[in-house]
Amino acid sequence: MQEERDVFPTSFLLDDQQRRLILSWSDGHESVHSWEKLRRACPCAFCAGEGGSPGMLQRRQQLSREETTLVNLEPVGRYGLTPIWEDGHRTGIFTFEKLRQLCECPQCRASSR
């Protein structure tokens, strides 16, 4: 079994019809992420908050289509990916570990119960 730190994404697919990101991993897993859930999980200070202050996403019930439309991903070193959103937002860095934790595939959902 590979150690978690050795696992990394090998490719991605932006599924426009179902509005989801599909990541293929070096260990053979394929993770699924709905665009809205991924945006709501954005770890940047603007979205998630910092210093005890809530972020923008914590105060909003609904996000616009532009805020939840993923247009690309950019690698960050050898540890993460930054989603590029249609509204121009691009400051959230998701570590590979965090992306695996957020996986919504049936296998991962079943194991997290």
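## Fold

The chain has four helices and eight strands; helices (H or I, at least four residues) and strands (E, at least two) are DSSP runs, numbered from the N terminus. Their order along the sequence is β-β-β-α-α-β-β-β-β-β-α-α. The radius of gyration is 14 Å, close to the 13 Å from the globule rule for 113 residues, so the chain is as compact as a globular protein of that length. That radius is taken over C-alpha atoms, and the rule is 2.2 Å times the number of residues to the power 0.38. The C-alpha trace spans about 40 × 35 × 30 Å along its principal axes.

This is a predicted model: local features need pLDDT of at least 70, side-chain atom pairs count only at pLDDT 80 or more, and totals for chains, interfaces and linings use all residues. Residues are numbered from 1 along each chain as its sequence is written, and side-chain values use heavy atoms, without hydrogens or water.

## Burial

Of the 113 residues, 39% count as buried (under 20% relative accessible area, 1.4 Å probe, protein chains only).

## Nonpolar core

The largest nonpolar core has 19 residues. Such a core is a set of buried Ala, Val, Leu, Ile, Met, Phe, Trp, Tyr and Cys residues joined through side-chain atoms within 4.5 Å. Strand S2 (20-25) gives the most, with three residues.

Leu21, Leu23, Leu38 and Leu99 have the most contacts inside this core. Beyond four places in sequence, Leu38 is in contact (heavy atoms within 4.5 Å) with residues including Leu21, Trp85, Phe94 and Leu99.

Definitions and conventions
Buried < 20%, exposed > 50% of the residue type's maximum accessible area, 1.4 Å probe, protein only.
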